[in-house]
Amino acid sequence: MKASKTIHQNAENSYLKEVITEKHCVQSNTPLSHIQLACCWKYCAFPHDKRDVCVWNIHNPILQTLQLKGHHQSITALAFGNHHEPMLLSSAAEDYIIIWDMEACQRNIQEGFVPRGNVVGTLLGKVLYLCFSPDDQALATCADDKIYVLNCKQEEILAVLEGHLAVVTAAEFCPWQVNTLVSISEDRTFKVWDFTSNSLLYQSAVLSGSPLLSLCMDNRTNQFITGSANGQLDVFTLLDKQQCRRVLHIDLQKEKQKYYCRIHQKVRLTENSDVNCMSSLSNCKNLQYSSPYVNDNDLESGPRACIELPILRMCHCEYLLCSLLKKDPSFTEGSSSLWVGTINGLFNINLATGELDATVQFEDHLGLSIQTAGSCAIGSRSTDKIFCLLSSMFGEHIALLEVHMNELAKMCLQYSNEEESLSVIARSPLLTTSPLNCDLQQKEKRKPAGHTKAELAASSIKDKPVVFHTKVKSSGYTTAPSVNMFKPKVNPRKSISSVKKEANSSVKGVSKEYPLDSLAPSRLHARVAVSNQPTSVCCIQYSGDGKQLAVGLADKSMLVYNSSLTGSPTVFQGHDGAVNCVGWTQSNKWLLTASEDRSLWIWPVHGSAPALMLGGETLSKPARSAQFYYMDKFILFSSGSEFQLHRYLLDTSRDDIKSYKRKSKSRLVGKFKMTDTQEICCLSAVNDFYSCILLLGSVFSTQPSESYNLFLTTAITDGIKLWDLRTLRSVRRYEGHHNRCHPCRISLSPCGRYLATGSEDKCAYLFELGSSNYIHKLSGHTETVMTLAFSPSVPKLITATLDGKLQLFVP
């Protein structure tokens, strides 16, 4: 084992030299921790000897160095402009705010003159952050608890923004909204300003238990990201005339642990291979094995000290795998990444998923001069490399690092392709031990062991006509009649009236194929109340053809409406508790209901009495999810921490003498208990064809919602599992993806283009996949939107509220 670890470490050290290099490092006369450094696509700047500005060319920092003098006090912040020509640099101290033209300064030095800058601010206080506007015409200056917006051409204060309760740590101009500025502070809130009118547009609540340190604007998706001192990142949308909404939360410490766990699993598989140990060395050179998260003792030990990861700086960039996946047809160019600089490393986060794609830890690189950073600046305009300027936390070193994106992307691609792809349709036939193979098992059980000779002889005797003598004419009762009773019509022509009738029915009814290019349903078309008294709607589900809608209510009943919500619904009653789950068969002739009374019933659509009832002896707890499964051959439902699979037989015929006796029956095929969870909150499986994959959402605690009925709870999830009923095992597990789970409030359109969510603010939101910003806000609801559903046949959306209102939306 020691020899194996040595091989991995040697391979790693050779790989680390290819990922990151230290371009240049100098030692300053004063510590530069907690000072805003500047880095862009061409230059990087930092204070030198407290009062001077040192500018490096990132491609050749040793030969091309500028010294800019003009401050009389210590420099506290630096920032580059957004334009290439001219390239502007701003430096701030308690005496002046100076803007330098980099090209003009170089010309002055070549001609033998002293470079001079333009003073735009005087005696504004201790400045912690600087930021240029997108057009480089204004400069935001964060001094104490105020924000000064300065004119970059002359010394003029355009606006003074006051309102934060603590020191303002960062402020950024909004590129997609003119005259808008976002600021963060140590008071743990952010504010949105209109600096032309000195007005506050939006103020957030307290976001974290630690101060907010960094801010980044994402122009592609109209979002901004905040970073705190305890490693928490929050992504917010910022749209016109809309409040800011948090669309993503990232815990950097948890993402780092999951990232190293993936590496640890690959290293363990490699070390357990005795035959191919040496041949697999080339495949292991991409592993960062020296990190403490990868050690066996560290992963298997008990509690350990928690290391905070303060977010020093963030920089939006192109997707890490962009250069490698451009030829892949499944690659979407809208993907983007975020570089996050902390005190001990750089992290690359996929903004689409919130997961960590790659990391560069300073402690893993023995040749770096700085192991713990006090300040960080990230900048690059190319896709093959980024540059990072660091200052030491406890020392006086300044270092410029170069990270090679292609080498880092290869490692990211290796980890992303490590897992075996899953298919909804099984690639191999069912195993004999699979519960889905119960039909075959029953046939084998019913097959007799053998036959006697008398039975074989009796079976060989064939039926013959009574009159079989050749001289006697047969009556002919064994032959087919010679007269044709009817002649079938092959491909008959349709009359004009029948063609018109079918055309009218197709217009009034539902279409056979869902229109993929349809607009999102956003216009209110109909509204109905399910009861005279306010009754909460627990669940709704369309039939497969989209012509009917089943509605489960809290008053222990179920209603079946037509798709247009017109006419009187069909009422199904009999449960002793709220109906919290409904389901349809593929033929749309049978309905499944699950209730809080720990019962599960199957109803004929055109009947009033259930054909099959499963009671409390089958369900230990109320079924939260239930459905028909495997081409309607089984009933699949979850109860507590287990899910069950039942084979059923439905028969509505009755004996006139024993009318009370029903012939419908069910048989338990399999019962599967999840030992590592408290309850299965949601369950889903494909029923359109033979699929063996189940999707399970498990929870470790449930909390009743304040405004909901007792049977509706908010679940804190501990993971999502993929279960394969072909092999009877869990094949995937995804942990920590959702803090809270309420699956009834989410619905995906059949075209896969739109997503609808319900909310407690009496609204429903329509999203277009690929963007985290909602395109329509469906208002007008009188209570909390409990559940919603897209029609499977036409572009329609139905929402249901806590007070028992159904609303139908169309494009």
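Among contacts in the protein chain (heavy atoms within 4.5 Å) between residues at least 6 apart in sequence, 52% join residues at least 24 apart. The structure is a predicted model, in which local features need pLDDT of at least 70 and side-chain atom pairs count only at pLDDT 80 or more, while totals for chains, interfaces and linings use all residues. Residues are numbered from 1 along each chain as its sequence is written, and side-chain values use heavy atoms, with hydrogens and water left out.

The protein chain holds nine helices and 52 strands; helices (H or I, at least four residues) and strands (E, at least two) are DSSP runs, numbered from the N terminus. Of the 811 residues in the chain, 49% are buried. Buried means under 20% relative accessible area, exposed means over 50%, and partly exposed lies in between (1.4 Å probe, protein chains only). The accessible surface of the chain comes to about 40,800 Å², and carbon and sulfur atoms account for 51% of this surface. Accessible areas come from the Shrake-Rupley method with a 1.4 Å probe, and for residues only the protein chains shown count as cover.

A search of the whole structure finds 11 salt bridges, each defined as a side-chain nitrogen of Lys or Arg within 4 Å of a carboxyl oxygen of Asp or Glu. One of them joins the side chains of Lys-23 and Glu-402, at 3.7 Å from N to O. This pair links distant parts of the chain, with Lys-23 in strand E1 (residues 20-27) and Glu-402 in strand E28 (residues 397-404), 379 residues apart. Lys-23 is partly exposed, at a relative accessible area of 30%, whereas Glu-402 is buried, at 6%.

Another salt bridge is formed by Glu-162 and Lys-146, whose closest N and O atoms are 3.8 Å apart. Glu-162 belongs to strand E13 (residues 157-162) and Lys-146 to strand E12 (residues 146-151), 16 residues apart. Lys-146 is partly exposed, with a relative accessible area of 25%.

In the pair Arg-246 and Asp-234, the closest N and O atoms of the salt bridge are 3.0 Å apart. Arg-246 counts as partly exposed at 48% relative accessibility, and Asp-234 is buried at 3%. Salt bridges that share partners also join Lys-23, Lys-385 and Glu-402 into one network.

Ile-311 is located in the loop between helix H4 (296-300) and strand E22 (313-318). Its relative accessible area is 0%, so Ile-311 is buried. Leaving aside residues up to four places away in sequence, Ile-311 touches several residues, including Leu-213, Leu-233, Leu-252 and Val-340. Ile-311 and Thr-226 are 85 residues apart in sequence, and their C-alpha atoms are 8.9 Å apart in space.

On the surface, Val-424, Ile-425, Met-631, Phe-689 and Tyr-690 form a nonpolar patch with about 430 Å² of accessible area together. Patches are made of residues with over 30% relative accessible area and no salt bridge; like charges are joined within 9 Å, and nonpolar side chains (Val, Leu, Ile, Met, Phe, Trp, Tyr) within 5 Å. Tyr-690 lies in the loop between strand E42 (679-685) and strand E43 (693-704) and is partly exposed, at 42% relative accessible area.
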